[in-house]
Amino acid sequence: MQSQRIVIHEVGLRDGLQIEEQAVPTERKLEWVARLARAGLRMIQVGSFVNPQRVAQMADTDELFRRLAAAGRPPGVVYSGLVLNERGLERGFACGVDYFCMGVSASETHSRKNTGMSVAEAAGRIVAMGQAAAAAGRGVQVSVQSAFGCGYEGAVPPGRVLELVRRFVDAGLTTVSLADTAGHADPARVDALVGAVRALDERLKLTCHFHDTYGMGLANAYAAWRAGVTSFESAFGGLGGCPFTAIAAGNVCTEDLVHLLNRVGAGVDVDIAAVSGVTNDAAAFFGRALPGVIHRTGPIPYPAA
């Protein structure tokens, strides 16, 4: 259905690991980044610039970026980093991040738990940060978190999401992610909200980020693709979950998402077996099965019709 190339933004190293208590050594993270890049993933989120006392797993983010910069980036690969405030942005500049992700929750409760700021304060600061990063020649993606609902507040009015997206676009920030932080999306809601957002401005480059909290992650991704979305954030093995939402659950699994999109004809050029190898390594490291499916079953072994 879509003629544009699908972009998979791999967020396992950040959103996938941030909830894990068992620290992953820096060397192993670097190995996973290299293997994911070789698998054909062209956007890889390396970490977040947050207070390590709140998210200990991200304590080595600056070091990771410095090491990756020193090693040389593989052709066509972009390493992204998440920032929540001005201090995080300064740290990202200092260690060579060239693509910044930042966002505002559409839920007041989630915003305060996640950032300690109201929606209005967070939006003002994020817009200024995004403009500063863009002025410095860095890539910028801004997101609306809890865009499809909130674990604390329940339904989030679509108008609140549209207002934030309009504010981003008016500030010249046109790469926007709709994040289903609480996993409350359903295909009908996805279709309606994606359609409303895309109608705001033809310059918008829209990404979707789904969690599988209630088992609808892949269905929502399919609905988003049908509605015209060609960029998705996902995590190898289905790792992850926001530690500051009511019910934390994993991201849509990268291998499962690639398999689905290829079955419906999207033509995603990512090596599922290679990504599954990273997932299996992570499962062995954490000593438990991970929620994804295709790393255990393998893909359907015949071409899609």
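**View 1. Left-handed crossing of helices α2 and α11 in a predicted model.** In this predicted model, α2 passes α11 in a left-handed crossing, meaning that the near helix is turned anticlockwise from the far one by less than a right angle. Helices are DSSP runs (H or I, at least four residues) numbered from the N terminus. Helix α2 spans residues 26-38 and helix α11 spans residues 272-286; they pack at an angle of about 160 degrees, with axes 9 Å apart. Axes are lines fitted to C-alpha atoms over the stretch in contact, and angles run from 0 to 180 degrees between N-to-C directions. The two helices, α2 and α11, are therefore roughly antiparallel (angles over 145 degrees).

**View 2. Residues in the contact of α2 with α11.** From α2, R28, E31, W32, R35 and L36 meet V275, G277, V278, D281, A282 and F285 of α11 (contact: heavy atoms within 4.5 Å). These residues divide into six nonpolar, one polar and four charged; Gly counts as polar, Asp, Glu, Lys and Arg as charged, and Ala, Val, Leu, Phe and Trp are among the nonpolar.

View 3. The whole structure contains zero disulfides (pairs of cysteine sulfur atoms within 2.5 Å). The closest cysteine sulfur to that of C101 is in C95, 14 Å away and too far for a bond. For C208, the closest is in C101, 14 Å away and likewise too far. C101 is buried at 4% relative accessibility, and C208 is buried at 0% (buried: under 20% relative accessible area, 1.4 Å probe, protein chains only).

**Notes.** Residues are numbered from 1 along each chain as its sequence is written, and side-chain values use heavy atoms, without hydrogens and water. Local features need pLDDT of at least 70 and side-chain atom pairs count only at pLDDT 80 or more, whereas totals for chains, interfaces and linings use all residues.

Note on methods
Angles under 35 degrees count as roughly parallel, over 145 as roughly antiparallel, 65 to 115 as roughly perpendicular and the rest as oblique. Buried means under 20% relative accessible area, exposed over 50%, partly exposed in between (1.4 Å probe, protein chains only).
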